[in-house]
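Good morning. Please have a look at it first.

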Amino acid sequence: MSVKHALLALLEKPRYGYELRAEFEQRTGASWPLNVGQVYTTLSRLERDGLVEAGGTDAEGRSLYQLTEAGRVEVKGWFDSPVERTQPQRDELAIKLAVAVAVPSVDVGKVVQQQRNATMQALQGYRRQARSGAGDDLAGGLVLDRLVFAAEAEIRWLDHCESRLRRAAATSTAPEPAEPTEPTDGGTR
Amino acid sequence: MSDPVLRLTDVSRVHGTGAAEVQALRGVSLAAYAGELVAIMGPSGSGKSSLLTIAGGLDSPTSGSVSVDGQDLGEAGISGRAKLRRTSIGYVFQDFNLIPALTAAENVSLPLELDGAGRRPARDAARVALEEVGLDGFADRFPDEMSGGQRQRIAIARAIVGERRLILADEPTGALDTETGEDILKLIRARCDAGAAGVLVTHEPRYASWADRVIYVRDGLVVDEAGETPSTVFATGVEQ
Ligand SMILES: Nc1ncnc2c1ncn2[C@@H]1O[C@H](COP(=O)(O)OP(=O)(O)O)[C@@H](O)[C@H]1O
Ligand SMILES: [Mg+2]
């Protein structure tokens with residue numbers, strides 16, 4: 001993902017580099033920190049492409065950037081079109097499970113459980129952030145919600161994988177590597 | 001650590017006999033401590049409701065034991081269990097389970113009045129509980145004059161009225177939209193933060209994440225546990 005369009009959109013009002021970065025991080029609830037070098041590199045590319053231009057200096061003498069007409073069109077085009085979903089990003093978890101199913105020595109059920117626990121803990125972490133007020137402003141709250149929905153979807157998918165693995169194990173006659181074999185202590189604490 | 005508010009020890013529950021026999025629970029042990037919210041997750045039919053009704057004294061285990069606040073539910077007998085249900089255990093059902101002919105305040109004060117509290121103090125306690133769930137001003141409304149979210153809040157108020165120590169909630173967000181569901185969880189969480197022990201049955205990860213620990217059940221067995229308590233994270237085995 002490139003932050004190019006997000007930074008461009010935030011230049012609706014002329015800003016200098018540090019300010020732009022602070023604005024981005026504040027808007028997105030600090031979920032995707034940017035280093036200031038990245039911001040300046042992006043700005044100089046945008047300038048080269050004619051999407052932003054120098055907009056004078058502010059009272060403290062800092063150079064401001066502002067949108068050009070082409071930049072404005074670019075921003076509008078970004079908001080007017082959905083984010084592309086054609087090529088899903090390489091998904092390590094999906095690949096890991098697919099490979100786990102194919103490798104007999106791997107206990108797939110355990111891989112699923114371990115991931116589900118980790119994702120649940122991430123979800124609990126977002127919950128704590130929300131309760132400590134991280135999502136109170138609208139923009140930050142929407143970003144936090146996005147992370148919650150994504151983690152939730154992953155856990156649901158892992159539940160679903162577990163059910164499918166069990167069904168596959170139940171219908172196959174040969175012992176299935178997907179079936180966990182450790183004894184249980186049957187309880188907690 | 002102090003004694004748990006709820007303890008299930010090797011609880012099994014068999015429904016029916018012969019060919020119709022169903023093993024709803026097969027040796028479940030768990031504990032819930034004061035100040036803690038525990039979530040139970042699992043696919044439908046895995047035994048979650050069976051577990052909760054047994055924890056709440058609404059049903060009895062075929063074998064194993066249950067104690068609430070140090071009191072063994074088996075030894076307590078029918079009247080002892082009924083007493084605990086009126087005083088120590090708050091139960092929230094998915095379908096609210098309110099009495100349509102009673103107002104919000106009457107629904108909430110009913111367990112106290114059944115327990116012999118005077119009408120006045122019971123109604124006062126009900127008003128406090130309704131206020132806690134954000135329904136001040138709705139005391140004299142009837143359930144069918146209220147939205148699903150508001151009805152579930154009445155049910156929560158009824159479950160927490162009179163300082164109950166154990167809150168059991170079986171899919172309390174079932175019919176509610178996400179935001180309303182989150183509001184319900186907030187209320188349950190607040191009660192646990194104030195010192196109650198809570199057990200929440202849900203199949204929604206987002207609600208389970210309000211809990212300190214998440215216990216997974218499947219086919220009547222605890223198969224996994226995730227949570228914040230370092231000693232319990234990844235500590236349980238997997239099923240056979
Ligand atoms: N009163 C009952 N009589 C017979 N079978 C029951 C009864 N209650 C539950 N069961 C069976 O016990 C199993 C567990 O049910 P339940 O505890 O309701 O699961 P969950 O709440 O996880 O969906 C299911 O197979 C269900 O059909
Ligand atoms: Mg159920």
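How far does a backbone N or O atom of Gly47(B) lie from an oxygen atom of ligand 1? The distance is 3.1 Å, which falls under polar contact, meaning a pair of N or O atoms within 3.5 Å; within protein, one must be able to donate a hydrogen and the other to accept it, and residues adjacent in sequence count only if both atoms are side-chain atoms.

Before I go on, this is a predicted model: local features need pLDDT of at least 70, side-chain atom pairs count only at pLDDT 80 or more, and totals for chains, interfaces and linings use all residues. Residues are numbered from 1 along each chain as its sequence is written, chains are lettered from A and ligands numbered from 1 in the order in which they are written, and side-chain values use heavy atoms, with hydrogens and water left out.

Back to the ligand. For Ser49(B), a backbone N or O atom is 2.9 Å from an oxygen atom of ligand 1. Ligand 1 taken alone exposes 560 Å², and the protein buries 57% of that (Shrake-Rupley method, 1.4 Å probe; for residues, only the protein chains shown count as cover).

The residues around ligand 1 include His15(B), Pro43(B) and Lys48(B), where being near means having a heavy atom within 4 Å. Helix α1(B) gives the largest share of this shell, three residues. Helices here are DSSP runs of H or I with at least four residues, strands are runs of E with at least two, and both are numbered from the N terminus.

Now the sheets. Strands of a sheet pair through backbone hydrogen bonds, either parallel or antiparallel. Two strands pair if DSSP finds at least two bridges between them.

One open sheet has four strands in the order β2-β1-β4-β5 of chain B, with antiparallel pairing. Its edge strands are β2 (22–32) and β5 (71–72) of chain B, each pairing on one side only. Within it, β1(B) and β4(B) pair over five bridges, and Leu8(B) stands opposite Val66(B) in β4(B).

Another open sheet has six strands, ordered β6-β7-β8-β3-β9-β10 in chain B, and its pairing is mixed. Here β6 (89–92) and β10 (221–227) of chain B are the edge strands. In the parallel sense, β3(B) and β8(B) pair over four bridges. Leu37(B) has Gly198(B) as its bridge partner in β8(B).

That is the end of my part.
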